Amino acid sequence: MHIELVRSSTKSLPQQISGTLAQRITSGLLQPGMRLPSVRSLASSLKVSQVTVSKAYDDLESHGHILCSQGKGCFVAKKPQKAQEAGSGWQDGYDDFLPRAQLWRNFDYSNVQYPFHIAAIHSDLLPLDEIGSTMSRLVLEQPELMASYGNFQGDSELREVMSRHLRKHGVSVQASGIMITSGSQQGIDLVARTFVGPGDTVYLEAPSYTGAIDVFAGRGAEMIFVPMDDEGMRIDVLTKLCDRRPPKLIYTNPTFQNPSGVTMSITRRQRLLELARSYRCLIVEDDPFSDLYFHKPPPSPIKSLDEEGHVVYMKSFSKVIAPGCRIACVAAGGNILSRLIAAKSASDLGSPLLNQRAVLPFIARKYEAYAEQLRAALRGRMEIAAKLLKQHAPPGVTWNLPEGGLNLWLQLPAAEGIAGLHARAEQEGISFLPGDVCYSGEKPSRHIRLCYSQMTEAEMERGLRQFLLLLREHLR
């Protein structure tokens, strides 16, 4: 079993071992009932003392992640969850380099009737017929598109359209400064793969996007989570932390943040950029939701203030028009972008050209009007959800209404029992995202995320009423 240990980390070796194993357990990479390596064998493979491994196992057992029996060994604890996967014999002991895989688990709810867990938009609201018609026409009239790899950087016409779109929103970038990726997730992965190595310090908001945490954990980064208030990431706290651990990279989702819904103020954006300048580090600005505001446009992207190339800006279009097409753009300066293009070429030889050409006409000619209609529809769903929460949420449950985006972030009176609530909700055909997966796992979260945009209005209302009744029973 491979665990990336960083001797220079502020975390002790036992904490690093127990933390990595806990994340593997909670994200399902280590299945309930699976036997862990013996203290002797794990100590040998990691080149640490047996005392170090024993301390890590004691910590895991104290938190209920494993059960140890004298003479039999240590096993992953059985916890209430849906059907377990069967073991795979010899493959169970085959080493991997995955420290956690929460994002994979987040999408694994195909049978629930009310999917509040996934931050997505219901298909009825998306322009799927139009994009599908364009794709069908391209297949019939230009079948050679399916035989071409296309440009590693992305289709030049689509990059020009995205350049015009970004300039309207204050990000002054030419088509040559843009790369097309297969969703923002690939963009985050490419940045991490190119610029982050074991032990590098990466700062994120607390809470943060699960997919980003998975990526940085996979690189062996030391992730430090910075608390937020109603103006976004606490830059005063971040500055003090950076004095002790200079950043290699700062990841932020500053507009209608996933999962909290908080929007970073323009003052904080300016201060964050100033901090990046002083430490000569990168900011990864992940911006999937800024077009989904309910009343007034949010502050301009951090990238719009960036004159020296400290910000790698990511804008997802697949999230709001066709998730299956996996289309996003990355804007970065100079040789930062060229190195990302090199990393992408080694990753997938370029995003599918057919998908890029299929979304191009819609983004070029109809996106702005469509986004206005989509904002109204999402605002209606959010207001229904807010009304139901006000009427039926149990005492002690709190939330803040977002100014845009797809999610509500609820705080419960205590973290204890959320796993049981999660299991009970699944039995009732309801899913939600536990807040634990939006952190690196050091301590339990009292939060849950509910997405109000993944269902029709009627389905969302029925499902939320049912969930709030279940929550009231649970808190009793």
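**Group meeting: selected residues of a predicted model**

Good morning. I begin with histidine 422, whose side chain comes to 3.2 Å from the backbone oxygen of phenylalanine 432. That is a polar contact, meaning a pair of N or O atoms within 3.5 Å; within protein, one must be able to donate a hydrogen and the other to accept it, and residues adjacent in sequence count only if both atoms are side-chain atoms.

A word on the source. This is a predicted model, in which local features need pLDDT of at least 70 and side-chain atom pairs count only at pLDDT 80 or more, while totals for chains, interfaces and linings use all residues. Residues are numbered from 1 along each chain as its sequence is written, and side-chain values use heavy atoms, with hydrogens and water left out.

To return to histidine 422, this residue is found in helix H15, residues 418-427. Helices here are DSSP runs of H or I with at least four residues, strands are runs of E with at least two, and both are numbered from the N terminus. Histidine 422 has a relative accessible area of 12% and is therefore buried. The term buried stands for under 20% relative accessible area, exposed for over 50%, and partly exposed for what lies in between, with a 1.4 Å probe and protein chains only.

I turn now to the cysteines. How many disulfides does the count come to? The count comes to one disulfide, by the rule that a pair of cysteine sulfur atoms lies within 2.5 Å. A disulfide is a covalent bond between the sulfur atoms of two cysteines. Here the partners are cysteine 68 and cysteine 74, with sulfur atoms 2.1 Å apart. Their link is right-handed, with 110° about the S-S bond. Cysteine 68 is partly exposed because its relative accessibility is 30%, whereas cysteine 74, at 11%, counts as buried.

Cysteine 242 is buried, because its relative accessible area is 0%. Cysteine 438 is likewise in no disulfide, the nearest cysteine sulfur being that of cysteine 451, 13 Å away. At 1% relative accessibility, cysteine 438 counts as buried.

Finally, alanine 22 belongs to helix H1, residues 13-26. Alanine 22 has a relative accessible area of 11%, so it is buried. Leaving aside residues up to four places away in sequence, alanine 22 touches Leu60 and His65, where contact means heavy atoms within 4.5 Å. Between alanine 22 and isoleucine 66 there are 44 residues of sequence separation and 9.0 Å in space, C-alpha to C-alpha.
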